[in-house]
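User: Please take a close look at the aromatic rings in this model. I would like to know how they pair and what surrounds them.

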Amino acid sequence: MRSEFLFTSESVSEGHPDKVSDQISDAIVDLMLAKDPEARVACETMTTTQRVMLSGEIRCAPMYDPTREEWKFNSYWAPGARDEIEAAVRKTIKEIGYEQDGFHWETLTFENHLHGQSAHIAQGVDAGVEGSNKDEGAGDQGIMFGYASDETPDLMPATLDYSHKILQRMAQDRKDGTAPFLEPDAKSQVTLRYQNEKPVEATAIVVSTQHAVDYCMPWSDGKNSGGDAAKYAELVAYVKGVIAEVLPTGLLTAETVYHINPTGRFEIGGPDGDAGLTGRKIIVDTYGGASPHGGGAFSGKDPTKVDRSAAYITRYLAKNVVAAGLARRCTIQIAYAIGVSEPLSLYVDLHGTANGVTEDQLEQILPQLVRLTPRGIRTHLGLNKPIYRVSAAYGHFGRKAEGETFPWERTDLVDQLRVALA
């Protein structure tokens, strides 16, 4: 790693149109898993002005079952199932906070185009293929990455960690009335200067937030004018205050450059300002660009999809390696073939920060601690539960493992790793 450099990561709020789509898709995953822990879900959501559309494939016997002849008249949906899906969608949007003319949870148009899972995909996932001991096969081919770094207590890249926390704090203040001038859509970006692998200074911070009428930069183009100088100053002061509370003391200096709503005005936002799609914020969801990414999105997928579950287990393994003090940074890659249960490869990179261990040793030890088949991953982490919507905003990693949520953030392998390496 270079001794000195600048690095930047961004985040987006729960009200960003792509994140609205992610949360809706994961609300559907949670709904299905609550009905059937073995449900299969691949739900894509599109949001735009006053409209939400679902598409994708499902298998969930209590809600959708082509074998039930009496449900055929209703396109194989259980009575009331489609109403339940629509209610989950509208509830998600309401909880995010959208009650605007251009996107309102109660009055928007909703379309449900979900249908049954492909039988050809199902046969490979359910029974695997010859040579895989008929264990559950991977739901697709692909490569997945996990990463951890000792830059922050959450063992996450600092630039992304702070970007997430700025927006989380703003959303909390918006919802509890502390900052009533905020609207749901927002983006943040943090640039840090690193020396000897450690962040030492915030050189630039960008925050763009949707706001109430008149909380914009005063402007005039001869035809239109708007903005209230005092309200705009209140907004800027508030955002800078949040930044100061989120970033550790010492990172903000007199040289730090702030860009608060740099376009001057941000009243039209969310799906009304820009269409949203599930799976378009995969770098925000993971490591902010500090680690490679296999390319697969997480939201809208049940945990038999290794895009999701294998990314979670590699984060879990990498985090435990760093938490055990075996390295300051760790990247893990894993690869699968569709219908095959055992991974094709496992790769560990400690980036020259190893402490008494080699990558080869970890590549041998880690599969002994956790069975890395799709079913082994789901069983070890307890993934067949309705725990996903909360992960669909502010990152899937670096979160607090509480109860059944974020089990991949636990560090319960630390002692086993140390014993195995003793």
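Analyst: Tyr98 is buried, at a relative accessible area of 0%. Phe103 also counts as buried, with 0% relative accessibility. This is a predicted model, and every value here is computed from it. A pair of aromatic rings is described by the distance of the centres and the angle of the planes. For Tyr98 and Phe103 these are 5.4 Å centre to centre and 85 degrees between the planes. Since planes over 60 degrees apart count as edge-to-face, Tyr98 and Phe103 form an edge-to-face pair. The structure holds 12 aromatic pairs, and Tyr98 with Phe103 is one of the pairs found in it.

Another pair is Tyr147 with Tyr287: the ring centres lie 5.6 Å apart and the planes meet at 70 degrees, so this pair is edge-to-face. Tyr147 belongs to strand β7 (residues 142-149), whereas Tyr287 sits in the loop between α7 (282-285) and α8 (306-323), so the contact ties together parts that are 140 residues apart in sequence. Both tyrosines, Tyr147 and Tyr287, are buried. They also belong to one aromatic cluster, which is formed by Tyr147, Tyr287, Phe298, Tyr312, Phe397, Phe406 and Trp408.

Charged side chains also sit over aromatic rings. The charged end of Arg68 is placed over the ring of Trp71, 4.2 Å from the ring centre. Lys240 lies over the face of Tyr258, at 4.7 Å from the centre of that ring.

Conventions. Residues are numbered from 1 along each chain as its sequence is written. This is a predicted model: local features need pLDDT of at least 70, side-chain atom pairs count only at pLDDT 80 or more; totals for chains, interfaces and linings use all residues. Side-chain values use heavy atoms; hydrogens and water are left out. Rings of Phe, Tyr and Trp (its six-membered ring) pair if their centres lie within 6.5 Å; planes under 30 degrees apart count as stacked, over 60 as edge-to-face and the rest as tilted. Buried means under 20% relative accessible area, exposed over 50%, partly exposed in between (1.4 Å probe, protein chains only). Helices (H or I, at least four residues) and strands (E, at least two) are DSSP runs, numbered from the N terminus. A charge sits over a ring if NZ of Lys or CZ of Arg is within 6 Å of the ring centre and within 35 degrees of the ring normal.
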